[in-house]
Amino acid sequence: MTTGIRPLAAAAVGALALYLGVRTTLTIGALFQLVPVALLLLSPVRTMRDMPAPPPRAALPSAREGSP
């Protein structure tokens, strides 16, 4: 998915650089880099101290139970 979107992102950045200028485009890109950091700081991940338990798996019959 990320590989497929790269040409579109490059075209969008090129258009922004053409209309807004390179310095403004780089500033916008730098601000977008801060979004994941802000999301992590606002999420409950910051306050977690222990790893949560994995969800229980559905009980599957063994391979020998289903064969005649």
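Leaving aside neighbours within four places in sequence, which residues is Thr25 in contact with? In this predicted model, the partners of Thr25 are Val13, Leu16, Ala17 and Leu20. The overall fold is described before this site is taken up again.

The secondary structure of the chain comprises 3 helices and 0 strands. Along the sequence, the pattern reads α-α-α. Helix H1 covers residues 2-20. Helix H2 covers residues 22-42. Helix H3 covers residues 63-66.

Confidence was examined next. The mean pLDDT of the chain is 85. A score of at least 70 is reached by 85% of the residues. Among the helices, H2 has the highest confidence, with a mean of 93. Confidence is lowest in H3, where the mean is 60. Where pLDDT is low, predicted coordinates should not be read in detail.

The chain has 68 residues, and buried residues make up 1% of them.

Helix H2 contains 21 residues. From its first C-alpha to its last, H2 reaches 31 Å. This is close to the 30 Å expected at 1.5 Å a residue. H2 is hardly covered, with a buried count of 1 among its 21 residues.

Thr25 lies in H2. Its relative accessibility is 10%. Thr25 therefore counts as buried, as the cut-off for that class is under 20%. The contacts of Thr25 outside its sequence neighbourhood include Leu16 and Leu20. Val13 and Ala17 complete that set.

Leu26 is also placed in helix H2. At 59% relative accessibility, Leu26 counts as exposed, because the cut-off for exposure is over 50%. Leu26 and Leu16 are 10 residues apart along the chain. Their C-alpha atoms are separated by 9.6 Å.

A nonpolar patch was also found on the surface. Leu16, Leu18, Tyr19 and Leu20 make up this patch, which has an area of about 470 Å². One of these residues, Leu18, is placed in helix H1. Leu18 has a relative accessible area of 67% and so is exposed. Two other members of the patch, Leu16 and Leu20, are in contact with Thr25.

Taken together, the patch residues Leu16 and Leu20 touch Thr25, which is buried. Leu18, by contrast, is exposed, as is Leu26 of helix H2.

Key:
Residues numbered from 1 in each chain as written. Predicted model: local features only at pLDDT ≥ 70, side-chain atom pairs only at ≥ 80, totals over all residues. Heavy atoms only, no water. Patch = residues over 30% accessible without salt bridge, like charges linked within 9 Å, V, L, I, M, F, W, Y side chains within 5 Å. Areas by Shrake-Rupley, 256 points an atom, 1.4 Å probe, with all protein chains shown as cover. Salt bridge = Lys/Arg side-chain N within 4 Å of Asp/Glu carboxyl O. Helix = DSSP H or I, 4+ residues; strand = E, 2+ residues; numbered from the N terminus. Buried < 20%, exposed > 50% of the residue type's maximum accessible area, 1.4 Å probe, protein only. Contact = heavy atoms within 4.5 Å. Expected span 1.5 Å × (residues − 1). pLDDT = per-residue confidence, 0-100.
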